[in-house]
Amino acid sequence: MKILVCISHVPDTTSKINFTNGDSEFDTNGVQFVINPNDEFGLTRAIWFKEQQGASVTVVNVGGADAEATLRKALAIGADEAIRINANPSDGMFVAKQLAAVVKNGGYDLVIAGKESLDYNGGMVPGMLAGLIGCNFVNACVGIDVNGNDVKVTREIDGGKEIISTSLPLIVGGQKGIVEEKDLRIPNMRGIMMARTKVLTIVEPTGDAVATKAIKFEKPAAKSTVKLINADNLDELISLLHNEAKVI
């Protein structure tokens, strides 16, 4: 089984976010980048398939040279090879089209992508990719078992879980649950050394145009100061809730 895992190169959640050029561009200065958490869950599951069923695992990213450190970490975790599509991932459809070209050329049986990335939270790429390829798709995946060509997928729905029977080729949008946090792999020294010798292929993007453009970013409004009211002063509390907070 050939598995392709889509990897997003995203800011760490502890990073301080700023914008430049009139709030039209993300400022990367001082920002630590990591593997998108939903993608890391999917990668860990793919490594399990490699160890238990002899699958081959390739990771792919749409991004610049700065993303190669993230791809090398994925290789150190256990992926066999990596592909970097040399383009700025600024638009969901553009990214999906770049990934679709890789999937078509690679003949992958299973494509695992995070259901959404931590930076833009668009949640668009896995579904768009499945539509472009024309293969089965399951989103919000929290469990997957493959037996030959038959696949049983568990996905999260409102109020519970749904179990689906499908077949390869398949694209899934994974999340926490496809593996648990305790199952995530930390690269060891042997994995890091081996990652240096594994193939990282750089491919140029297709000629597809970018459909959208970010005009301006805006930070959430700062939290207002907290007002402490004496527990015995109910009249003032009611007045503030009515006149300032306007919740009653």
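Lys2 lies over the face of Tyr108, at 4.9 Å from the ring centre. A charge counts as sitting over a ring if NZ of Lys or CZ of Arg is within 6 Å of the ring centre and within 35 degrees of the ring normal. Arg45 does this too: its charged end is over the ring of Trp48, 4.3 Å from the centre.

A word on the source. This is a predicted model, where local features need pLDDT of at least 70 and side-chain atom pairs count only at pLDDT 80 or more, while totals for chains, interfaces and linings use all residues. Residues are numbered from 1 along each chain as its sequence is written, and side-chain values use heavy atoms, with hydrogens and water left out.

Next, the aromatic rings. Rings of Phe, Tyr and Trp (its six-membered ring) pair if their centres lie within 6.5 Å; planes under 30 degrees apart are stacked, over 60 edge-to-face, and the rest tilted. That rule gives four aromatic pairs. Among them, Phe26 and Phe33 are edge-to-face because their planes stand at 75°, with the centres 6.5 Å apart. Trp48 and Phe49 are edge-to-face as well, with centres 5.4 Å apart and planes at 80°. Phe19, Phe26, Phe33 and Phe217 form one aromatic cluster.

Trp48 is partly exposed, at 31%, whereas Phe49 is buried, at 0%. Phe26, at 25%, is partly exposed.

Technical notes
Buried < 20%, exposed > 50% of the residue type's maximum accessible area, 1.4 Å probe, protein only.
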